[in-house]
Amino acid sequence: MAVAAAQDGSPHQQPSLLHLIALVDNVPIDFETNCTPYYRLQLAPDPRTHGYIHPNTVNSMPWPASFTINHDTRQVTLSPPSPETSLSLSAHANAAFQAAIDAAIDGNMFPMLNGMHSEHFLLMGAREFVQIERFAASLFGIATRGAHLTCYVRTPDGLKIWVAKRSPKLFTYPGMLDSTVAGGVKADNSPLDCILAEATEEASLPADLVARLVRSVGVLTLANRNPRTELHHSEVLYVYDMELEEDIVPTPQDGEVEEFVLMDCAELRHRMLNGEFKPNVCPIMIDFLCMLLDGKAPQGVPRRPTSRMLPTLSRLIDDQSSGMALLPTLNLPDVRVDSMALSSTGMSGPLGLGHLHPTMLVPLLAAGRPIPTPLNVLVHALPASTSSKSFFHRSMFSSPIF
């Protein structure tokens with residue numbers, strides 16, 4: 001990565017694609033076991049952690065009586081339904097969270113709620129159907145689901161990507177660049193439901209066209225601690241690709257998108273590094289670019305996430321001097337992979353955490369060959385009972401090609 005001199009004469013690193021991912025995926029690897037000063041959100045009798053709540057939120061939230069706060073152990077626990085009631089755990093939990101949110105909105109307690117209610121998101125991993133309003137998700141430190149669709153076309157000048165420019169009137173990230181189609185997945189919807197609905201509402205793409213052409217290509221997960229608010233928020237982003245003919249042009253419809261812009265990969269990279277993209281969209285676009293790194297345009301057929309990244313990962317064996325570094329995010333819980341310091345980045349300490357099926361390591365370890373710098377990988381077995389939400393997948397990409 002290039003290093004330049006700052007105005008005060010000290011060296012500083014130029015932004016890179018790795019830097020863009022680190023901005024949104026910045027929670028330490030050991031956060032699950034060392035989450036001080038955050039409070040763990042638990043839904044009794046389930047002992048698992050479902051969210052990480054900042055102390056300021058704990059102190060300011062108008063908690064209903066169904067929640068108990070233990071400051072010694074830093075736990076916020078939703079009590080189980082009383083045996084004297086006929087409420088299910090789902091109804092009890094939903095009523096309790098809604099009561100807290102209603103009181104917070106009425107009291108104008110948190111600016112991020114914007115004084116209004118929002119659609120409900122699923123509390124992933126809960127043993128019953130539990131939902132929390134979207135704007136309040138980061139207050140409770142829960143993980144949320146999103147779905148992103150990247151539309152591309154083959155032109156005489158090469159492959160190009162349709163990029164949405166967000167409306168300047170939006171409450172969050174106004175005027176920034178975004179995936180072709182993206183949206184939060186509502187509590188009772190699937191990621192594909194979200195894509196089909198948003199493609200019609202945001203881009204005027206017919207649902208039957210999208211249903212026929214769209215392809216699921218993987219999942220990216222991010223764990224973020226907001227540097228301004230210090231709130232913790234995780235995201236599970238379901239990634240879709242779709243090839244369009246040149247005469248099919250996305251058109252704004254619902255007012256959330258100002259315009260759609262067709263970009264080649266070079267412009268896409270430049271505008272990401274220039275800070276024009278909504279931050280959590282950058283890993284989506286980088287994932288797409290990594291596929292193109294192998295010189296292969298998408299073929300419009302379903303593929304497992306492993307097959308998407310394996311050729312590029314394998315190439316690192318034979319190209320130690322390129323400065324390339326790639327740790328793909330794969331939604332497979334078999335093996336935990338900690339990627340340590342990459343010599344080509346000049347960074348120290350753990351850089352990422354992802355998940356690989358053991359067979360992914362075969363090409364790297366063939367014939368007894370060690371995994372070379374710039375990619376050091378430490379593999380640790382995980383117990384079969386480990387919940388997939390109890391650790392963070394980390395994406396890392398850095399390449400001079402980009």
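Predicted model: local features only at pLDDT ≥ 70, side-chain atom pairs only at ≥ 80, totals over all residues.
**Stop 1: the largest nonpolar core**

Start by selecting Leu41, Phe97 and Phe140. Among the 29 residues of the largest nonpolar core, these three touch the most other members. Next, colour strand 3 (39-43), strand 6 (75-78), helix 3 (89-106) and helix 4 (137-140), the elements that each give two or more residues to this core. Helix 3 supplies the largest share, with 7 residues.

Now zoom in on Leu41. Leaving aside residues up to four places away in sequence, its contacts include Phe67, Val76, Phe97, Phe140 and Ile142. Arg48, Thr49, His50, Gly51 and Ile53 also touch Leu41.

**Stop 2: a second core**

Select Leu17, Leu177, Met263 and Val281. They are among the 22 residues of a second, separate core.

**Stop 3: helix 5**

Move on to residues 191-203, which form helix 5. Its 13 residues should span 18 Å at 1.5 Å a residue, and the end C-alpha atoms lie 17 Å apart, so the two values agree.

Which residues of helix 5 are buried? Pick out Pro191, Cys194, Ile195, Glu198, Ala199, Glu202 and Ala203 to see them. Then show their packing partners: strand 9 (143-155), strand 12 (181-184), helix 6 (207-213), strand 14 (232-243) and strand 15 (257-264). Just past the helix, Ser204 has a positive phi of about 60°.

**Stop 4**

Finish at helix 7 (residues 265-273), where Asp264 caps the N-terminal end. Look for the side-chain oxygen of Asp264, 3.3 Å from the backbone nitrogen of Ala266. After helix 7 comes Gly275, with a positive phi near 80°.

Terms used
Residues numbered from 1 in each chain as written. Heavy atoms only, no water. Core = buried A, V, L, I, M, F, W, Y, C linked by side-chain atoms within 4.5 Å. Buried < 20%, exposed > 50% of the residue type's maximum accessible area, 1.4 Å probe, protein only. Helix = DSSP H or I, 4+ residues; strand = E, 2+ residues; numbered from the N terminus. Contact = heavy atoms within 4.5 Å. Polar contact = N/O pair within 3.5 Å; in protein donor to acceptor, adjacent residues only side chain to side chain. Expected span 1.5 Å × (residues − 1).
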